Amino acid sequence: MRSYRELFRTPEFTPFFLAASAQTVAQTMGGLALGTLVYRATGSPLLSAVSMFGSSLVQVLGASFLLSAADRLPPRAALTALPLLFAAATAALALPGLSVGWLFVIVLAKGLVESVGGGVRWGLLNEILSKDGYLLGRSVFNMMSGVMQIAGYAAGGALVALLSPRLSLLAAAGLYGAAAVVVRLGLSRRPPRATGRPSVAATWRANALLWSSPPRRRIYLALWIPNGLVVGCESLFVSYAPDAAGTLFACAALGMLVGDVLVGRVLPPGRRSRLGFPLLLLLALPYVVFLLRPALPLAAAAVTLASVGFGASLVQQERLVALTPDGLTGHALGLHSAGMLTTQGVAAALAGSVAQLTSPARAMAVMAVASAGVTLLLAGAAKRQELRAVSR
């Protein structure tokens with residue numbers, strides 16, 4: 001599969017794509033509204049960052065105990081139920097008088113459910129397209145994510161500024177409901193990819209198998225840590241520029257879109273495979289400029305340039321799919337998604353804590369340097385493994 005036209009001619013791809021688009025807009029609108037609501041109520045960069053990315057913190061629990069469900073649930077039923085649950089949770093966050101404590105309970109419960117959703121979704125994409133079309137399909141989804149995040153942050157920023165964060169949350173809940181309808185009407189009924197009942201034991205066995213391979217282990221670490229630390233930088237946009245956070249988030253989405261087009265469509269496979277670690281360095285280094293507390297135009301340019309580096313994830317995902325047995329594809333991609341989101345949540349909490357003690361600008365630079373350091377360590381480990389393989 002070599003063209004976007006072929007992708008959209010594939011049965012079920014278009015409704016699958018449209019449902020995911022609606023959920024992405026809902027997630028970005030809801031996250032910005034929630035972060036703004038909490039920051040206005042508390043004045044805390046830490047609580048604002050955790051409210052936006054805190055659902056990711058519990059992804060590790062889902063990956064540890066629930067992830068076997070990703071290949072053992074009927075995909076259409078699961079992908080219909082999940083956005084309905086997200087709609088209910090997002091609407092609950094808009095309730096007037098809801099305490100910050102209960103708000104975080106809802107956010108964390110939503111994250112636990114999301115930990116299974118990633119495995120179901122990306123496993124189904126691999127089923128619809130097959131492995132030879134997965135990279136192109138995932139690049140389209142990543143590009144869609146960039147465009148829809150721009151739309152979501154623009155619309156969410158306008159709703160927050162002109163109306164209120166609570167109305168933006170209700171609009172996000174409506175979009176989740178629309179996504180559920182599209183899935184139910186647009187996808188065909190499929191059996192689960194694996195037999196047996198979901199269980200903690202099955203989850204642990206599959207996790208141990210996936211983690212036992214050093215090449216897969218390095219791919220997971222590269223997918224999780226450098227990316228997560230940079231998302232920690234993004235979690236401080238609201239506290240760094242309260243009146244322009246939507247602009248910075250939109251610039252990040254634009255850069256991600258450029259990176260995904262470059263990696264998924266422009267670069268030939270041989271060159272693309274060599275750009276994983278350089279793109280991860282690009283993802284981090286422009287954020288060092290925040291040590292100078294740049295004005296909005298320079299900050300927006302740095303964020304846009306850095307986010308091109310998110311294209312590294314496509315290189316790593318292609319390699320992960322190639323190294324994973326067919327019966328574990330959903331589980332493997334779910335583990336990637338859950339681990340990445342968990343790391344993002346941890347990084348958001350860490351970045352918020354550093355910002356609380358210093359400043360949002362300084363915390364962003366610290367997280368960027370840490371991300372670049374981890375990338376260099378992983379690149380060195382991969383190089384040593386290659387040299388050992390050659391010497392044998």
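**Contacts within a predicted model**

Ring pairs join Phe8, Phe13 and Phe17 into a cluster, where rings of Phe, Tyr and Trp (its six-membered ring) count as paired if their centres lie within 6.5 Å. The structure is a predicted model, in which local features need pLDDT of at least 70 and side-chain atom pairs count only at pLDDT 80 or more, while totals for chains, interfaces and linings use all residues. Residues are numbered from 1 along each chain as its sequence is written, and side-chain values use heavy atoms, with hydrogens and water left out.

Across the whole structure, a search finds 10 aromatic pairs. In the pair of Tyr240 and Phe290, the ring centres are 5.2 Å apart and the planes stand at 75°, so the arrangement is edge-to-face; planes under 30 degrees apart would count as stacked, those over 60 as edge-to-face and the rest as tilted. Because Tyr240 belongs to helix 11 (residues 237-240) and Phe290 to the loop between helix 14 (276-284) and helix 15 (296-307), this pair ties together parts that are 50 residues apart in sequence. Helices here are DSSP runs (H or I, at least four residues), numbered from the N terminus. Both Tyr240 and Phe290 are buried, a term that stands for under 20% relative accessible area, with exposed meaning over 50% and partly exposed in between (1.4 Å probe, protein chains only).

A ring also takes part in a contact with a charge: the charged end of Lys110 sits over the ring of Phe86, 5.1 Å from its centre. The rule asks that NZ of Lys or CZ of Arg be within 6 Å of the ring centre and within 35 degrees of the ring normal.

For salt bridges, defined by a side-chain nitrogen of Lys or Arg within 4 Å of a carboxyl oxygen of Asp or Glu, the count comes to 1. Glu12 forms a salt bridge with Arg190, and the closest N and O atoms are 2.9 Å apart. The pair links distant parts of the chain, 178 residues apart, with Glu12 in the loop between helix 1 (4-9) and helix 2 (13-42) and Arg190 in the loop between helix 8 and helix 9 (200-211). Glu12 and Arg190 are both buried.

The structure holds 0 disulfides, a disulfide being a pair of cysteine sulfur atoms within 2.5 Å. Cys233 is buried at a relative accessible area of 0%, and Cys251, at 15%, also counts as buried.

Leu170, by contrast, is partly exposed, with a relative accessible area of 43%, and lies in helix 8 (residues 165-186).

Methods:
Helices (H or I, at least four residues) and strands (E, at least two) are DSSP runs, numbered from the N terminus.
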